[in-house]
There are 4 protein chains.
Amino acid sequence: MKITFLGLGNMGIAMARNLLRAGHDGTVWNRTLSKAEELRADNATVSDSVANATRGAGFVITMMSDDQAVSSAVFDAGGVLETLAPGAVHISMSTISVALSKTLAAEHGKRGQHYVAAPVFGRPEAAAAAKLFIAAAGDAAVLERCQPIFDALGQRTFVIGPQPEMANVIKLSGNFLIFSVIEALGESVALIRKYGIDPHAYIDFLTSTLFSAPVYKTYGAIIADDRYQPAGFKMRLGLKDVRLVIGAAEAVDAPMPLASLVRDNMLTAIGRGMEDLDWSSVARLAAENAGLPAKK
Amino acid sequence: MKITFLGLGNMGIAMARNLLRAGHDGTVWNRTLSKAEELRADNATVSDSVANATRGAGFVITMMSDDQAVSSAVFDAGGVLETLAPGAVHISMSTISVALSKTLAAEHGKRGQHYVAAPVFGRPEAAAAAKLFIAAAGDAAVLERCQPIFDALGQRTFVIGPQPEMANVIKLSGNFLIFSVIEALGESVALIRKYGIDPHAYIDFLTSTLFSAPVYKTYGAIIADDRYQPAGFKMRLGLKDVRLVIGAAEAVDAPMPLASLVRDNMLTAIGRGMEDLDWSSVARLAAENAGLPAKK
Amino acid sequence: MKITFLGLGNMGIAMARNLLRAGHDGTVWNRTLSKAEELRADNATVSDSVANATRGAGFVITMMSDDQAVSSAVFDAGGVLETLAPGAVHISMSTISVALSKTLAAEHGKRGQHYVAAPVFGRPEAAAAAKLFIAAAGDAAVLERCQPIFDALGQRTFVIGPQPEMANVIKLSGNFLIFSVIEALGESVALIRKYGIDPHAYIDFLTSTLFSAPVYKTYGAIIADDRYQPAGFKMRLGLKDVRLVIGAAEAVDAPMPLASLVRDNMLTAIGRGMEDLDWSSVARLAAENAGLPAKK
Amino acid sequence: MKITFLGLGNMGIAMARNLLRAGHDGTVWNRTLSKAEELRADNATVSDSVANATRGAGFVITMMSDDQAVSSAVFDAGGVLETLAPGAVHISMSTISVALSKTLAAEHGKRGQHYVAAPVFGRPEAAAAAKLFIAAAGDAAVLERCQPIFDALGQRTFVIGPQPEMANVIKLSGNFLIFSVIEALGESVALIRKYGIDPHAYIDFLTSTLFSAPVYKTYGAIIADDRYQPAGFKMRLGLKDVRLVIGAAEAVDAPMPLASLVRDNMLTAIGRGMEDLDWSSVARLAAENAGLPAKK
């Protein structure tokens with residue numbers, strides 16, 4: 001059965017390649033077509049429009065940068081909504097808003113199409129190694145049909161629940177937890193630096209004891225080095241995600257003051273000239289606010 | 001050489017026992033003497049006063065609940081300061097303020113006594129198993145003399161630097177990071193519960209992926225259960241510690257807005273009737289603020 | 001020249017009546033027509049559709065509850081945009097988002113129609129007494145043509161600048177300042193009540209000295225009384241406005257942490273059961289967070 | 001009856017002069033004696049020690065910069081506590097902590113001395129013009145005896161209650177409200193500047209409408225001018241006061257998140273190089289955080 005993959009950024013291209021290499025019949029499309037051409041070597045069918053890519057597909061995966069890109073691919077004339085066959089499945093795997101996910105579920109449902117949300121956790125290297133974690137939500141029978149696809153992309157799939165947007169909430173909450181770790185490390189590293197303690201020794205201590213999780217190692221190293229370029233994810237991407245978290249929380253009347261703090265610090269970081277740095281440079285903001293110079 | 005142990009709370013009694021069982025010549029003292037009597041079975045010499053306990057000791061360890069208790073044991077008439085022999089070492093192992101640690105260093109120094117700070121990370125079970133992590137700071141040669149003691153108490157010692165208060169800063173910053181995790185989990189669990197997602201599945205997902213550290217497991221389980229009694233540490237103990245963090249930060253002009261947020265939430269939790277619950281019940285506060293009922 | 005007034009809520013009906021009594025030729029429309037009928041006594045022409053009301057008008061005033069209502073009246077088929085004559089003026093007087101105001105300016109401009117924003121400050125009693133303050137922005141010549149209208153409605157008009165959305169920013173920032181006063185008073189009244197000080201004496205002291213402004217008197221009295229019903233403005237109206245402030249600030253990368261604090265407190269107030277109380281009941285939240293009982 | 005005045009800073013010297021000119025028999029003392037000499041022209045008796053100044057006094061007024069100065073004057077050997085006659089009154093008029101005020105009440109009480117707290121509101125010009133506002137608390141009969149003194153210093157006295165520390169709480173809460181106004185204005189001025197609106201026109205609008213209180217005029221002008229030098233009160237004085245507010249609130253378990261926000265912003269302002277500017281330069285911090293340059 002044909003699997004169509006829309007969106008070939010750093011994450012998407014690695015994921016599409018894994019599907020192709022697992023033997024699936026893959027059709028790919030990307031706004032910038034040259035990216036799609038790279039996948040011909042793995043037997044991809046390259047399509048020049050969303051409509052051509054979607055026609056006849058059993059599964060359409062969207063892996064695009066933001067709500068606007070996904071909305072355009074789905075709702076524009078010739079888009080997924082218009083073209084997808086009844087009974088076929090739209091798997092939304094990128095980070096989108098809860099509101100859009102609910103809209104997608106409703107609109108696909110009206111046309112007898114299936115919709116599941118299955119956002120992923122992991123960086124491009126994890127995507128390339130098929131080591132992503134996948135949080136999937138939607139109709140159980142449909143998810144079961146999708147499982148071979150998930151197996152080709154990730155190391156483990158977590159089924160969250162029957163409402164697709166639940167998976168988007170999980171993804172957003174996970175990013176929130178990452179931002180919280182960065183903010184907390186930023187403040188604590190500023191504190192210990194003011195007392196003359198070496199930040200590398202500090203991070204080594206933390207990650208050897210109570211804070212052994214990957215996220216502390218990854219961001220602890222960046223913050224101890226005070227090295228935010230090249231940016232893995234630029235500040236505005238972080239800001240977009242924390243806004244999605246806050247938006248999801250507002251929709252259910254849940255205050256998240258720590259998310260508000262992170263959001264305001266990201267805006268401040270932009271105002272302070274860190275727009276092109278990695279989003280973890282909110283830790284540099286914490287250092288500067290404590291009167292510490294940037295490290296050379 | 002005689003090792004004197006002052007303070008036999010949940011942590012202290014386990015630590016003192018490990019020193020005795022490692023073959024050290026131990027003298028113990030506690031405000032409530034009956035606790036000290038328990039250690040006679042391990043060949044402890046039980047002392048009825050700080051002065052008697054300290055006289056002739058090569059090392060005096062303080063493991064007391066707060067600044068006031070340590071100050072009283074050290075500075076009162078007949079206290080450690082008056083009684084400790086020149087060249088002997090005061091090892092301060094409980095969580096005290098940076099300001100007090102600096103004062104202790106100065107006062108011991110004036111009398112030719114040594115002072116090191118070596119606060120520990122771990123709960124009573126870790127103390128019993130001699131699996132504590134120890135953050136030690138002070139004069140390098142003195143720390144080397146203390147190493148056999150640390151070896152009997154913990155699984156690993158991290159030498160932080162030459163100023164004793166550096167170790168206290170490390171300890172306080174570690175507690176701050178724990179509080180940050182609790183606050184972040186509290187907010188995110190409230191969010192996902194509002195979307196009908198099961199909190200146990202959520203915590204399982206987190207701790208199986210990016211957030212595998214012990215602290216997420218320990219507190220994630222408590223928060224998913226919404227079970228804050230019996231309290232491992234009551235709210236006011238948390239409040240005391242976050243105040244010490246803020247005090248240490250203020251002393252070096254470092255703003256820590258996340259610490260302020262946690263502090264205000266702890267005060268609010270007390271105002272909302274959670275004074276006798278575990279400090280992690282700030283997560284229940286987050287749930288209640290989102291309009292969620294306490295779980296049965 | 002015909003003046004058309006769309007939106008006859010508590011504020012709008014008083015404003016429309018003042019225009020009619022000042023001798024203007026007024027046509028009125030309201031979603032609930034019965035409200036419009038009340039104005040026949042003042043010689044209003046009552047219209048049964050936006051299109052009929054707008055046709056032939058020199059000025060159309062919108063005074064509606066939110067972005068959605070204004071958008072619908074303007075952009076729907078038969079709406080203001082379609083019906084207003086070139087050269088005529090749309091005066092937007094209610095509290096709307098900066099984003100919508102910019103869109104309105106652009107769309108009217110494309111059709112040779114004029115658009116100015118002129119939001120008002122004041123409660124219904126001030127509207128009835130023609131004592132509103134008006135913050136007006138847009139093309140200077142057009143504002144001059146509108147001045148007789150403003151004179152019939154308010155005690156003073158402030159011309160803010162040439163971009164219509166500037167007036168909306170002013171309005172939103174003013175509401176933000178009001179919310180800030182409420183939050184500050186809420187926290188300080190909780191503090192003094194904990195010390196056994198009478199809140200009425202306290203408010204009297206404040207408003208007799210440095211804090212003599214009307215906003216301190218109005219809200220100080222409500223907070224000292226701890227009386228939030230009947231609600232002048234319900235909590236969700238406040239929440240809507242603080243979101244508009246934050247949205248306007250986000251659009252220009254301006255962090256407003258105090259606005260974030262107020263927003264989170266309003267959400268918390270809703271979670272704590274204050275949805276139907278006046279928005280100033282965030283002050284009750286502050287009291288409850290300090291462990292104070294609601295007053296009888 | 002002899003009135004002794006301790007502490008002749010900008011405020012104290014003006015106050016002492018008013019007492020002398022009102023015909024009171026005044027003895028003055030100041031750490032830097034030259035300041036005291038200035039008052040000889042007004043018939044002051046100048047004393048070279050606290051003890052000499054206090055001996056035989058019916059009233060001793062303290063008007064000193066902080067807790068430490070007051071504590072030293074009162075509790076040191078030869079201090080007020082040792083020297084003041086039973087039945088005489090210590091009137092504490094400067095901004096001190098609630099904790100110190102309680103201690104003073106207790107210690108004076110043990111010696112049969114009276115103690116009232118009567119902090120003042122107003123700047124040096126108001127002190128010179130005898131236009132201060134006085135918040136007085138303590139035993140009613142004692143306050144009545146003090147009234148002629150208050151009348152010589154201020155335009156109005158507010159009796160707050162029977163516990164002296166109540167007046168200190170009032171003073172601190174008043175400063176908190178001032179800081180809140182500055183923070184709110186700082187954020188809103190940054191917002192409107194981002195939209196190209198003139199800040200002077202904005203402040204004129206605010207203070208002509210809902211925000212007519214002196215505090216908005218005074219600080220609005222400073223913020224619109226972006227002119228924080230010369231500093232009326234330097235940043236660390238503001239920081240000291242907001243800490244006293246937070247300390248008073250902590251003592252009664254009252255969270256004050258807006259006070260925490262102001263505190264952290266003051267610390268950040270210091271870290272950002274604004275230590276020598278007026279405390280209202282937290283508004284410049286808000287502007288810089290929004291990416292606005294300092295005005296020339």
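Author: Two strands count as paired when DSSP finds at least two bridges between them. Keep that in mind as we go through this model, which is a predicted one.

Reader: How many bridges join strand 1 of chain A to strand 2 of chain A, and do the two run parallel or antiparallel?

Author: Five bridges link strand 1 (residues 2–6) of chain A to strand 2 of chain A, and the two run parallel. Strand 2 of chain A also pairs in the parallel sense with strand 3 (residues 45–46) of chain A, over two bridges.

Reader: Is strand 2 of chain A mostly covered or mostly open?

Author: A residue is buried if 20 or more other C-beta atoms lie within 10 Å of its own. In strand 2 (residues 25–29) of chain A, four of the five residues are buried, and the strand is mostly covered.

Reader: What do strand 1, helix 1 and strand 2 of chain A make together?

Author: They make a β-α-β unit, and it is right-handed. The helix in that unit is helix 1 (residues 10–21) of chain A.

Reader: Into which domains is chain A divided?

Author: Domain 1 of chain A covers 2–162 and domain 2 covers 169–289. Their centres, taken over C-alpha atoms, are 29 Å apart. Nine residues of domain 1 of chain A are in contact with ten residues of domain 2 of chain A. On the domain 1 side, that contact divides into six nonpolar residues, two polar and one charged.

Reader: Now the loops. Which peptide bond of chain A is cis, and where is A:Pro230?

Author: The bond from A:Gln229 to A:Pro230 is cis, with omega near -5°. A:Pro230 has its place in the loop between helix 11 (214–225) and helix 12 (235–250) of chain A. Chain C has a cis peptide bond between C:Gln229 and C:Pro230, where omega is about 0°. C:Pro230 lies in the loop between helix 11 (214–225) and helix 12 (235–251) of chain C.

Reader: What is the phi of B:Asp226, and where does this residue lie?

Author: B:Asp226 is not a glycine, yet its phi is positive, about 55°. It lies in the loop between helix 11 and helix 12 of chain B. With 18 other C-beta atoms within 10 Å, B:Asp226 is partly exposed.

Reader: And is D:Asn43 buried or exposed?

Author: D:Asn43 counts as exposed, because a residue with 12 or fewer C-beta neighbours inside 10 Å is exposed and D:Asn43 has 12. Its phi is also positive, about 70°, although D:Asn43 is not a glycine. The residue is found in the loop between helix 2 (33–37) and strand 3 (45–46) of chain D.

Reader: How do I read the arrangement of the chains? What rotation superposes chain B on chain A?

Author: A rotation of 180° does it, with 0.0 Å of shift along the axis and an RMSD of 0.1 Å. The C-alpha of chain B nearest that axis belongs to B:Ala213, 2.3 Å from it. Of the contact residues of chain B, 98% recur in chain A, so the same surface serves both copies.

Reader: How many residues does each chain give to the contact of chain B with chain A?

Author: Chain B gives 49 residues and chain A gives 48. Several elements of chain B each supply at least two residues to that side, among them strand 8 (132–137), strand 9 (154–161) and helix 10 (199–208). Helix 9 of chain B has the largest share, with 16 residues. The chain B side divides into 35 nonpolar, ten polar and four charged residues.

Reader: Which elements of chain B give two or more residues to the side that touches chain C?

Author: Helix 13 and helix 14 (282–289) of chain B do. This contact takes eight residues from chain B and eight from chain C. Helix 13 of chain B gives the most to the chain B side, with three residues. That side divides into two nonpolar residues, four polar and two charged.

Note on methods:
Residues are numbered from 1 along each chain as its sequence is written. Chains are lettered from A and ligands numbered from 1 in the order in which they are written. This is a predicted model: local features need pLDDT of at least 70, side-chain atom pairs count only at pLDDT 80 or more; totals for chains, interfaces and linings use all residues. Two residues are in contact if their C-beta atoms, placed from the backbone, lie within 7 Å. Ala, Val, Leu, Ile, Met, Phe, Trp, Tyr, Cys and Pro count as nonpolar, Asp, Glu, Lys and Arg as charged, and the others, Gly among them, as polar. A crossover is right-handed if, with the strands pointing away from the viewer, the path from the first strand over the helix to the second runs clockwise. Domain bounds come from an automatic or database domain assignment. Copies are superposed by least squares on the C-alpha atoms of residues with pLDDT of at least 70 in both.
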